[in-house]
Amino acid sequence: MDVQKTAREIGLFETAVNLAKVSSSPDVLEKIGNTFPIPMENISDNMSLIADWLLSFGKSKYMFFTPEIALAEIIGEKCPSAEIIFAVPCDMDPEAKERLTNNLPRHISVNVFEEPYFPQDFFPANTMFVVCGYSGADRMMVFPDTYRMVEHYNVFKGKKVFVPYIELEGAHRYDGWMELNTQRINMKWRKENEQCCGE
Amino acid sequence: MNSVAVNKELNISKKTSFLKGLGNSASLLLIAAMFILGSIVALSFDIPIKTVMGGYSYDVLVILIVMELFTNLIAETGIMQLLAIKIAEFSKGQKRMCLILFGGMMFLISSCLNNITAVMMILPIVFVLLKTLEVDRKYVCVFFAAILALSNTGGAASPVGDFPAIVIMTSGITDFLSYLTHAFPLFAITSVALLSIWGLSVKKERDDGAVRSLAVSNLKSQYKNINIRFDVLKWLGLIFIGMFLAWSFVPQNMVPPEAIAILGYGIAVVVCSLKKVKVAQCMDMKSVLTIASFLFFAQVISQTGLLNMLANFLQTNISNPKLLIMVIMVITSVVAGIFSAGPAAAAMMPVIIELCNGPLSAQSDWIAVAYAAAICAGSSMFMWSATAGFILSNKVNAAGIEEAPGKKATWGVAQYMKYGLLNYVVQLSIALIVMAIVL
């Protein structure tokens, strides 16, 4: 089972919510444990906190580098006027891309945008970047295509935040993940203080 | 590299691309060959082409095209995706249940709608599910062999399901309702038998079910926000029921079936336009042209009187009507297996009509069903015999389902062979047994 492939299509948080339901299974741990950090069971509570934190920046547009459907739905419930942009890799499977465009949350404006283009009306004043992954001993881990897109869109001078779906204490590196350059990110979400490391 | 070697390589490359091009256009060449051969035969027997075209079954082509377009409209509502997701959820990711439920769905959809479009609609969801369930090569072969056979039995179960059934309905040897009431139970029984056989060949899982549960949850997430147009679907359903009733109760000589199909589709297009649903006008013209060419050729052969002679020969040499029908069933099924359903249906139809006008006129409803069952069985024999065979094979191979880590499963003519032969034997045996009982 390629969970990373699924996560690229439905987002890390949606995948993590599904995974949390079966996280105690030895079969799941054996098949997925090496490639995808198993999330905590209370991940749904964290998502609400993360949505609040993101909305507290007061931006009108949130550009995600993974299609975080679950987070977008919560943001839509809390602030229907917000606009979500999912930046998808240029090499994404066309069928997966079509499925994603037909599966966008309904109660909020969500657009799918393909790398390497830039959306219109896209300024530091109204937009922020949201990079999702997991953190291990303060290292920000993301998928390779997310890493590439972060580098590509690095010219953007607005706010760039990192949101981990799980915060691990150890620095264990899982297969298929890359460490993000800390200079690419302004702020990082932390569960314990719902705040961030400094800019 | 010297110039001789370069030239040799260039020649090989040219030859390969020529053969590849020939292979790609083989079906188009076949269409042209059938029209040319038919014309040559007609002219050599001194039969004017105009006379041939006078008896040409345009109605079959019209119904075929209209039903495919109607299926496109239903597909646009998203209902098939919803059904497929519900099935995946209900099966809890159990491979045996997936096979049985998707097979059952395939039978029901194919009995009402064009089976190629029906296959196309459920395949994306099936692929996503199979990829996450971690299936092996045997399961891939069993699953798609069952889907192919059930798309055939579904197509034959109703008079508008597939091309052979449409040919039978428009031939006048039976009417819509008689065909439906005789054929549907037979093909439903055949489908249950096929599902039981293939279902039992799938081993039950010995795990805690968590991985399967995760696979289904992920699948649901991938489709959770799809928009199902129930507002359009209810109208299309109503129109389809109206078409079904009209086909059943309006006499064919007053309003022919193709007129009902066009009328129904016309109303459906208006509804979809008003509801702002995309009216997809795309269809597989190659299959329509193939059927058109074989209908033409069959019409030519029919005009020569050769098929009447064959029918008379069979009737003279086989005095027992029951045995006669069974022999024709076996011949028809083999022809359908080797040359595919379309040509078999078109070629053998005049023989069947001749028989129905003769001593077996009282049993014409059952003869029509026997004929359909024979074509259906033959269609499941080889990959090329089935209407949806190669399309399904291409899609399965392109989907990249892994039978082992890093190893993509392939499903083609060779892989289907033994499963197809079993499909054929099961279907033909059931049909022969039923005919032995009812005739």
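Biologist: What makes B:Ala370 count as in contact with other residues?

Modeller: Two residues are in contact if their C-beta atoms, placed from the backbone, lie within 7 Å. Leaving aside neighbours within four places in sequence, B:Ala370 meets this with B:Ile325, B:Met329, B:Ala431 and B:Met435. Bear in mind that this is a predicted model, where local features need pLDDT of at least 70, side-chain atom pairs count only at pLDDT 80 or more, and totals for chains, interfaces and linings use all residues. Residues are numbered from 1 along each chain as its sequence is written, with chains lettered from A and ligands numbered from 1 in the order in which they are written.

Biologist: Which residues have the most contacts inside the largest nonpolar core?

Modeller: They are A:Val130, B:Ala146, B:Ala370 and B:Ala372, in a core of 204 residues. Such a core is a set of buried Ala, Val, Leu, Ile, Met, Phe, Trp, Tyr and Cys residues joined through C-beta atoms within 7 Å. Helix 8 (residues 137-157) of chain B gives the largest share, 14 residues. Helices here are DSSP runs (H or I, at least four residues), as are strands (E, at least two), numbered from the N terminus.

Biologist: Why is A:Ser44 called partly exposed?

Modeller: A residue is buried if 20 or more other C-beta atoms lie within 10 Å of its own, exposed if 12 or fewer, and partly exposed in between. A:Ser44 has 15, so it is partly exposed. This residue is in helix 4 (residues 43-55) of chain A. Across chain A, 40% of the 199 residues are buried.

Biologist: Why are helix 2 and helix 5 of chain A called roughly perpendicular?

Modeller: Helix 2 of chain A and helix 5 (residues 69-78) of chain A pack at about 100°, with axes 5 Å apart. Angles from 65 to 115 degrees count as roughly perpendicular, so that label applies to helix 2 and helix 5 of chain A. The contact is made by A:Phe13, A:Glu14 and A:Val17 of helix 2 with A:Ile69, A:Ala70 and A:Leu71 of helix 5.

Technical notes: Axes fitted to C-alpha atoms, helices over the stretch in contact; angles between N-to-C directions. Parallel < 35°, antiparallel > 145°, perpendicular 65-115°, else oblique.
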